[in-house]
Amino acid sequence: MKLAQTTVELLVIFGAAVIVLSVLAAVLPSNAVAGQSARDKNIAQATVRDLSQAVNEVYLGGDGASKDVWIEVPMSANISASFIGNNTEQPDWGKRKTIAINLLTEGDVFSVSRAPVCGQWPSMPGKYRIKIEYNATEPVHIMINSSC
């Protein structure tokens with residue numbers, strides 16, 4: 001009788017453990033995805049903020065000013081939908097002041113600089129050193145990672 005009771009108790013404990021593990025296995029991946037999404041958004045916000053601040057500093061420095069800045073492009077960045085300056089070939093340079101990263105899970109994360117800016121994002125996610133340069137040709141603007 002005691003052996004049967006012990007067996008039943010072990011089966012109940014084993015069943016409860018399986019249920020708890022099943023719930024954890026279902027919940028943990030969704031929490032990991034949410035955590036990665038929040039991390040990518042924080043990275044994107046820091047990147048566009050740092051670039052915008054650096055653009056403003058170089059613009060205030062005037063002709064010949066340049067600066068190198070370390071940035072990180074998050075894993076969920078949609079590079080083809082991200083832009084520096086404007087997402088179209090805007091003829092009015094006064095409106096080319098937006099720096100934006102498009103995230104697949106969050107949408108656009110952007111910052112606006114005080115100076116007209118143009119450039120290109122790196123083609124892959126990761127950490128990069130970006131060169132920011134003052135371009136005195138008309139119209140005066142700041143170049144990021146390219147000559148435009």
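I started with Leu24 and found it in helix α1, which covers residues 2–61. This is a predicted model, so I kept that in mind for every entry below. Next I looked for nonpolar side chains on the surface around Leu24. Val20, Leu21 and Leu24 make up a nonpolar patch there, and together they have about 280 Å² of accessible area.

**The core**

Then I went inside. In soluble globular proteins, nonpolar side chains tend to be buried together. Here the largest nonpolar core has 24 residues. Which of them touch the most other members? My list reads Leu51, Val55, Ile99, Trp121, Ile132, Ile142 and Ile144. I also noted which elements give two or more residues to this core: α1, β1 (66–73), β3 (98–103), β6 (126–135) and β7 (141–144). The top contributor is α1, with six residues.

**Val69**

I then checked the spacing to Ile130. The two residues are 61 apart along the chain, yet the C-alpha atoms of Val69 and Ile130 are separated by 5.2 Å.

**Salt bridges**

How many salt bridges turn up in a search of the whole structure? I count five, and I wrote up three of them.

The entry for Arg49 pairs it with Asp50, with the closest N and O atoms 3.6 Å apart. I checked the exposure of both partners. Arg49 is partly exposed at 42% relative accessibility, and Asp50 is partly exposed too, at 28%.

The side chain of Asp68 meets that of Arg129 in a salt bridge, at 3.6 Å from N to O. Asp68 is in strand β1 and Arg129 in strand β6, so this pair ties together parts that lie 61 residues apart in sequence. Arg129 comes out at 53%, and the cut-off for exposed is over 50%, so Arg129 is exposed.

Asp68 has another partner, Lys131, and here the closest N and O atoms are 3.8 Å apart. I noted Lys131 as partly exposed, with a relative accessible area of 37%. Salt bridges with shared partners join Asp68, Arg129 and Lys131 into one network.

**Rings**

Last, I looked at the aromatics. The search for ring pairs gave me one aromatic pair. I also looked for a charge over a ring, and found the charged end of Arg96 over the ring of Trp93, at 4.2 Å from the ring centre.

Note on methods:
Residues numbered from 1 in each chain as written. Predicted model: local features only at pLDDT ≥ 70, side-chain atom pairs only at ≥ 80, totals over all residues. Heavy atoms only, no water. Patch = residues over 30% accessible without salt bridge, like charges linked within 9 Å, V, L, I, M, F, W, Y side chains within 5 Å. Areas by Shrake-Rupley, 256 points an atom, 1.4 Å probe, with all protein chains shown as cover. Salt bridge = Lys/Arg side-chain N within 4 Å of Asp/Glu carboxyl O. Helix = DSSP H or I, 4+ residues; strand = E, 2+ residues; numbered from the N terminus. Phe/Tyr/Trp six-rings, centres within 6.5 Å; stacked < 30°, edge-to-face > 60°. Lys NZ or Arg CZ within 6 Å of the ring centre and 35° of its normal. Core = buried A, V, L, I, M, F, W, Y, C linked by side-chain atoms within 4.5 Å. Buried < 20%, exposed > 50% of the residue type's maximum accessible area, 1.4 Å probe, protein only.
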